[in-house]
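These questions and answers go through a structure one part at a time. Please look at the sequence and the model first.

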Amino acid sequence: MLPETPTPEPIDVPVGAPVFRHNNVHSSQAEPPVASFGLDDSSAVDAANQPEALPQSSHDVHQPVQEAQLAEEQHLEAEDSSEGDSALGSDAASVTTSLSESIYNYRQEHGRTYHAYKDGKYIFPNDEREADRLDLQNHIFRLTFGNRLFFSPLKDPRRCLDIGTGTGIWAVEFADNYPECQVTGIDLSPGQPTLVPPNLKFLIDDAEDLWLYDEPFDFIHARLMAGCFTHWANFFRRAYQNLEPGGWLEVQDYGLPVKSGDGTHLGTDLLRWGQLLCQASMKLGRPLGSECSDHYVEWMQAAGFVDIQVKVFMWPTNGWPKDPYMKEIGRWNQINILEGLEGFCLALLTRGLGWKKEEVDVFVAKVSSDLRNRRIHAYFPMPVVFGRRPIERAGLF
Ligand SMILES: C[S@@+](CC[C@H](N)C(=O)[O-])C[C@H]1O[C@@H](n2cnc3c(N)ncnc32)[C@H](O)[C@@H]1O
């Protein structure tokens, strides 16, 4: 039986401006699509990252210091769609900017590049366009989580591993907040920034290979890795083996296909899109979306984790919610998905389901149209699952 998820009381905490990559250096300089945001306030970030207490008593638990609004899964009232459908207009183009060409010899397919190391494993592109999208997406996570980077009740973490670090933006922010912690970010693709905190290093590595780390970690973090692994149960076992007793694993991910509270997603290309991606990914041997993230708890339990908690957040597909906070998340997410859509579909639908590029293009256009349609009250469930390696049992393996 899982402990009940605590429901935080919302209070105001400044939300950091989005951080975008420019020539391998992270900087805050993007225009949000809607309201202007407060500048990043590191004291607020630190405070917001203080963990919540677990329901059961535990010697390694910090008490919360401050709470911010969270986008937990809930029933959302939709705004009257007669107020206008154009949530974004041309903003999408101004927020996401393609930068320099890659200097690496990546696989090139349909105008996108893919990682070269362990070619073919990961089905989303690794080009600048995707990197910019990942950094924008990091901002949506901060907004969704009330500025937190994680929910595990950490106490003075000393060694942290970020699996599938992407552009490294989470690892950079974590290392900045915990200068006493040695942080390692691993990924199949290079391209992480070189100007990083001194306590952070990036490695090109495959998380499906044996983990050959000198010392165990006291925090392992994996965000948006659904679709990346063939044997997720193995991943959880490896994470367990590479944690200190008492150390925490936290997985932050997405659900797919999209859901809605009122059935307006039924029969749409948007819903079909999620179903097709799941089907294609399964065919390629790497389950994604809810076919993966719905099993995290059982896989963690099987690996021996305890004190497992689940929090489910939501990312509306556009600005359809009436609530201004959820509307803002939806508007950011609309940019995020529109920008990523071609990349999500190309390799999966061509390699996985044998579609032609032209067929993918037509389908992407239809799904894009649904993503702009505020009469479709859809959302992505965004689950966070975290659990602890027990102290009392030194290991199951
Ligand atoms: C969706 S991105 C998420 C990036 C980052 N965690 C974030 O939240 O911004 C997934 C990342 O996992 C990496 N990846 C996929 N399979 C991997 C593997 N087997 N080992 C290491 N990294 C992997 C990809 O290269 C990509 O950068």
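This is a predicted model: local features need pLDDT of at least 70, side-chain atom pairs count only at pLDDT 80 or more; totals for chains, interfaces and linings use all residues.

Q: Is α6 parallel or oblique to α10?
A: The axes of helix α6 (residues 269-283) and helix α10 (residues 357-372) come within 8 Å and cross at roughly 125°. Angles from 65 to 115 degrees count as roughly perpendicular and those over 145 as roughly antiparallel, so this crossing falls in the remaining class. Relative to α10, α6 is therefore oblique.

Q: What handedness does the crossing of α6 and α10 have, and which residues make the contact?
A: Where α6 passes α10, the crossing is left-handed. On the α10 side the contact is made by K366, V367, D370 and L371, and on the α6 side by D269, L270 and W273.

Q: How many residues of the contact of α6 with α10 are charged?
A: The contact of α6 with α10 has four nonpolar residues and no polar ones. The number of charged residues in this contact is three.

Q: Which elements give two or more residues to the shell around the ligand?
A: There are 20 residues around the ligand, and G164, G166, A207, R223 and C228 come nearest. The elements that give two or more residues to this shell are α3 (128-144) and β6 (182-187).

Q: How many residues of the shell around the ligand are nonpolar?
A: Six residues of the shell are polar and five are charged. The number of nonpolar residues is nine.

Notes
Residues are numbered from 1 along each chain as its sequence is written. A residue is near a molecule or strand if its C-beta atom, placed from the backbone, lies within 6 Å of it. Helices (H or I, at least four residues) and strands (E, at least two) are DSSP runs, numbered from the N terminus. Ala, Val, Leu, Ile, Met, Phe, Trp, Tyr, Cys and Pro count as nonpolar, Asp, Glu, Lys and Arg as charged, and the others, Gly among them, as polar. Axes are lines fitted to C-alpha atoms, for helices over the stretch in contact, and angles run from 0 to 180 degrees between N-to-C directions. Angles under 35 degrees count as roughly parallel, over 145 as roughly antiparallel, 65 to 115 as roughly perpendicular and the rest as oblique. A crossing is left-handed if the near helix is turned anticlockwise from the far one by less than a right angle, and right-handed if clockwise. Two residues are in contact if their C-beta atoms, placed from the backbone, lie within 7 Å.
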